[in-house]
Amino acid sequence: MKKLTVTGKTVEAAVEEALRRLGATRDQVEISVLEEASRGFLGWIGSREAKVEVKLIPTPLEQGLSFLRSVLDRMGLKSVRLEVKEEPEQTWILLSGDHLGMLIGRRGQTLDALQYLVNVAAHRNAGPYTRIVLDAQGYRERRRQTLMGLADRIAEKVMATGSPLSLEPMNPMERKVIHTRIQQKHTGVVTYSEGEDPRRHVVVAPKTDR
C-alpha cells in the first residue's frame, strides 16, 4: 500500500491514522490536505471531517529499480531478472538473463553509463544516499580479476625497467582495484591518478627513497 486517503476529526488525527496504517513516519511520506474539518451549524449540523491523502515517498533503491526496469523494457529486455544485494557501503543490482552483452558494452562502458543514470534517478528526491552498483552476469568480478592481473604485470614491469607506466582511462571503481592490488602486493612501486574524467587514469611508478 503506497497511498491512503483518510478522514479524521482533525487534520492531525487523519494524518496520524494514515501513518499508523502505512507503518511510516512523517519524513517518509508526502501529505496533502484535501478537506479541512468543519463544525457545521450549531456545532454539529453539516459538520465535516478532515480528509488527507498520505503517500509514501519511494526510497532511492525503489526509484532506481523503477527507472532501470523501464529502460530494460524499452530495450526489449523485459525478461531480464533483477536481484538486489545490500551491503553496508553500497547496494548491488544483479542482472541475469539473455542478451546482456548489449548492456555491458565494450569494457563495461554501457553498464557504467546505465549505472550512472540509475544513481541519478535514485537520488532525484531528497533522502539518504544509497550508492547503487549494477552487475550483469558476474561481469564486475571477471573484470576485477582481469585488473588485478594487469596490476601485477605492470608493477613487475615498472620494477624491472625503473620507468613509470600509465594505464588506460578507467572509472573510479576500476582505478581503486589497481591502487589496492599494488598497495597490497607490490611494495616497490607506488600508484596515483592523473587527468580528468573520463580520461582519468592510474600511473604506476617506482618507489623512491626520500
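Is strand β9 (residues 201-206) largely enclosed by the rest of the structure, or is it open, and why? Keep that in mind, everyone, while I get us started. What we have here is a predicted model.

So, to the answer. In strand β9, five of the six residues are buried, and therefore the strand is largely enclosed by the rest of the structure. To be buried, a residue has to have under 20% relative accessible area.

Now let's meet the partners of β9. Strand β8, residues 189-194, runs antiparallel to β9, and six bridges join the two. If you look for Tyr 192, you will find Val 203 of β9 standing opposite. Together β8 and β9 make a hairpin, with six residues between them. In that turn, have a look at Gly 195, which has a positive phi of about 90 degrees. Strand β7, residues 165-166, also pairs with β9 in the antiparallel sense, over two bridges. Here Leu 165 has Val 204 as its bridge partner in β9.

Let's move to another sheet. This one is open and has three strands, in the order β1-β3-β2, with antiparallel pairing. At the edges sit β1 (3-8) and β2 (29-35), each of which pairs on one side only. On average, neighbouring strands in this sheet are turned by 25 degrees against each other, ignoring direction. Between β2 and β3, residues 50-56, there are six bridges, and these two strands run antiparallel. As an example, Ile 31 has Val 54 in β3 as its bridge partner.

While we are in β2, let's stop at Glu 30, which has its place in this strand. How exposed is Glu 30? Its relative accessible area is 43%, so Glu 30 is partly exposed. The partly exposed class lies between buried, under 20%, and exposed, over 50%. Apart from neighbours within four places in sequence, Glu 30 is in contact with Glu 53, Val 54, Lys 55 and Ile 57. For a sense of distance, take Glu 30 and Ile 132: they are 102 residues apart in sequence, and their C-alpha atoms are 24 Å apart in space.

Last stop, the surface. Which residues make a nonpolar patch of about 310 Å² there? They are Tyr 116, Leu 117 and Val 120. Val 120 lies in helix α4, residues 109-122. Because its relative accessibility is 44%, Val 120 counts as partly exposed.

Key
Residues numbered from 1 in each chain as written. Predicted model: local features only at pLDDT ≥ 70, side-chain atom pairs only at ≥ 80, totals over all residues. Heavy atoms only, no water. Pairing = 2+ DSSP bridges. Helix = DSSP H or I, 4+ residues; strand = E, 2+ residues; numbered from the N terminus. Axes fitted to C-alpha atoms, helices over the stretch in contact; angles between N-to-C directions. Patch = residues over 30% accessible without salt bridge, like charges linked within 9 Å, V, L, I, M, F, W, Y side chains within 5 Å. Areas by Shrake-Rupley, 256 points an atom, 1.4 Å probe, with all protein chains shown as cover. Salt bridge = Lys/Arg side-chain N within 4 Å of Asp/Glu carboxyl O. Buried < 20%, exposed > 50% of the residue type's maximum accessible area, 1.4 Å probe, protein only. Contact = heavy atoms within 4.5 Å.
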